[in-house]
Amino acid sequence: MSNPFHLGWFLQGSSVQAWGEPWTGNIGQEWMQPDLFVDMARALERACFDYILLEDSSYIGEAYGGSREIYLKNGLSVPRQDPSVVATLLFAATKRIGVCTTLATFTHHPYLLARIIASLDQVSAGRAGWNMVTGSSDMAARNYGLDGLPEHDLRYDMADEYMACVNALWDSWEPGAIVADREGGVLVDHTKVHTVDFKGKWYSSRGPLNSGPCVQGRPVIAQAGGSPRGRQFAATHGETIVANPKGIAAMKAYRDDVRARAAAVGRSPDSIKVLFLVNPIIGESAEHAEMRRLERIAAADRKIVQRLAHFSKVTNIDFGSMDLDKPIDENLRTNGHQQNLDTLKRLGAGGKTLRQAFTDYSGTGLSVDLCGTVDTVAGQMAETMQEIGGDGFLFSMGDVSRRVVAEVADGLVPALQARGLVRRGYDHATLRENLLAF
Ligand SMILES: Cc1cc2nc3c(=O)[nH]c(=O)nc-3n(C[C@H](O)[C@H](O)[C@H](O)COP(=O)(O)O)c2cc1C
């Protein structure tokens with residue numbers, strides 16, 4: 001039997017989900033209310049997931065065709081609420097599952113960020129994670145009064161300093177600072193709460209943090225940098241990594257690389273859990289699953305423009321100006337998600353058309369293709385983990401519906417549990433302890 005592995009869910013933002021499609025119920029304004037996400041969090045907690053990662057960006061796309069039209073018309077990542085509000089509601093509805101909230105370094109001063117995430121860690125009794133992102137679009141930067149984002153690798157240098165600042169703020173309350181001595185009349189021992197006086201090249205903060213300490217000491221840090229500089233950052237600071245390399249060999253190489261980099265900076269590689277994005281196709285029988293696979297490919301093809309618009313948003317490249325039936329321009333560059341663009345270009349090598357390459361890129365699976373009955377898919381997941389060595393999967397099922405969530409939480413997960421591949425109950429109260437449990 002394999003070692004157990006971890007499960008997470010990559011939720012595409014606190015936004016409207018798959019507007020107008022079957023099974024979403026999104027016919028009116030109900031996307032403004034958190035019920036779908038709350039139901040989802042409860043289902044995933046029943047399935048003993050480690051965490052939900054709430055993805056985010058803070059602008060309306062307009063890279064595709066130089067217009068917001070396609071994004072607004074189709075509800076592509078818009079309207080989208082602030083993720084910390086939704087995270088709070090998910091915590092209120094659950095007791096054990098973690099929530100990693102995405103907040104970008106350029107949208108929040110380190111003090112504000114440290115305070116929000118510490119507050120989330122408190123209200124959740126130690127279940128908060130922060131998905132640390134540096135942003136990928138100048139449009140978002142302009143919403144915050146900046147001219148644009150710094151250059152890709154410089155963003156990570158700045159992020160190293162940002163981490164030092166928020167860590168200092170989280171550490172500004174020593175363990176044991178809260179004495180709560182009613183007889184002595186002392187709530188907090190003031191000698192254990194310290195000025196930080198952080199002065200860096202880009203960020204400064206005096207401290208201490210007025211929110212008080214995180215329950216976990218520091219929150220869990222999630223990260224998704226796929227470029228070499230991004231991986232270095234992830235290996236230095238990350239505790240769980242969202243990874244999207246394609247195919248078993250690339251997945252193994254990615255994890256091995258992150259673990260080697262972690263060891264090189266003096267960390268235990270086992271303190272980082274690399275979770276790979278998957279989007280399984282589940283059927284009642286092998287034939288049914290195959291039918292659904294073909295349906296998914298057909299739907300992806302029908303919606304290629306919307307999907308490319310999403311890709312335009314994360315790379316700031318106007319794919320709307322390109323001919324779908326011509327080869328991809330090898331000279332495309334991005335200051336946004338570099339790894340994603342590199343993967344697309346690799347898939348397009350040898351003169352494949354943009355349509356073909358993009359269908360390969362986003363048509364069916366993500367890291368690895370999973371397709372079949374719940375038992376077959378559970379077996380495929382077990383084999384994948386055995387070959388790679390760990391650490392688990394992050395379900396990224398596109399826009400969610402209650403049906404999709406049920407297929408995983410009430411269909412696939414029991415099959416995984418029956419094989420002893422995932423947990424049947426939470427052994428610990430905090431997100432970090434559960435992540436480190438195996
Ligand atoms: C699977 C995945 C999820 C990501 N989620 C977010 C997100 O929610 N918000 C965001 O601003 N960036 C997100 N990113 C972007 C990364 O944080 C990072 O900025 C981007 O991958 C560029 O880094 P790289 O060039 O090192 O790969 C995500 C990236 C990947 C691969």
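**Close-up views of a predicted model**

Figure 1. Cysteine 48 is buried, its relative accessible area being 6%. The closest cysteine sulfur to that of cysteine 48 belongs to cysteine 100 and lies 17 Å away, which is too far for a bond. A disulfide requires the two sulfur atoms to be within 2.5 Å. A search of the whole structure accordingly returns 0 disulfides.

**Figure 2. Cysteine 165, a residue in no disulfide.** The nearest cysteine sulfur to cysteine 165 is that of cysteine 214, at 14 Å. Cysteine 165 has a relative accessible area of 0% and is therefore buried, the limit for this class being under 20%.

**Figure 3. Packing of helices α13 and α14.** Helix α13 comprises residues 374-388, and helix α14 comprises residues 402-418. The two helices pack at an angle of about 55°, and their axes are 9 Å apart. This angle makes α13 oblique to α14. The crossing of the pair is right-handed.

**Figure 4. Residues at the contact of α13 with α14.** On the α13 side, the contact is formed by Val374, Asp375, Val377, Ala378 and Met381. These residues meet Gly411, Leu412, Ala415 and Leu416 of α14. By class, the residues of this contact comprise 7 nonpolar, 1 polar and 1 charged.

**Figure 5. Tyrosine 111 in helix α4.** Helix α4 spans residues 110-123 and includes tyrosine 111. With a relative accessible area of 23%, tyrosine 111 is partly exposed. When residues up to four places away in sequence are not counted, tyrosine 111 touches Leu169, Ser205, Pro208, Leu209 and Asn210. Tyrosine 111 and glutamine 122 are separated by 11 residues in sequence, and their C-alpha atoms are 16 Å apart in space.

**Figure 6. Asparagine 340 in helix α11.** Asparagine 340 is located in helix α11, which covers residues 338-347. The relative accessibility of asparagine 340 is 17%, so this residue counts as buried. Apart from neighbours within four places in sequence, the contacts of asparagine 340 are Phe311, Val314 and Tyr361.

Notes. Residues numbered from 1 in each chain as written. Predicted model: local features only at pLDDT ≥ 70, side-chain atom pairs only at ≥ 80, totals over all residues. Heavy atoms only, no water. Axes fitted to C-alpha atoms, helices over the stretch in contact; angles between N-to-C directions. Helix = DSSP H or I, 4+ residues; strand = E, 2+ residues; numbered from the N terminus. Parallel < 35°, antiparallel > 145°, perpendicular 65-115°, else oblique. Left-handed = near helix turned anticlockwise from the far one by under 90°. Contact = heavy atoms within 4.5 Å. Nonpolar A, V, L, I, M, F, W, Y, C, P; charged D, E, K, R; others polar. Buried < 20%, exposed > 50% of the residue type's maximum accessible area, 1.4 Å probe, protein only.
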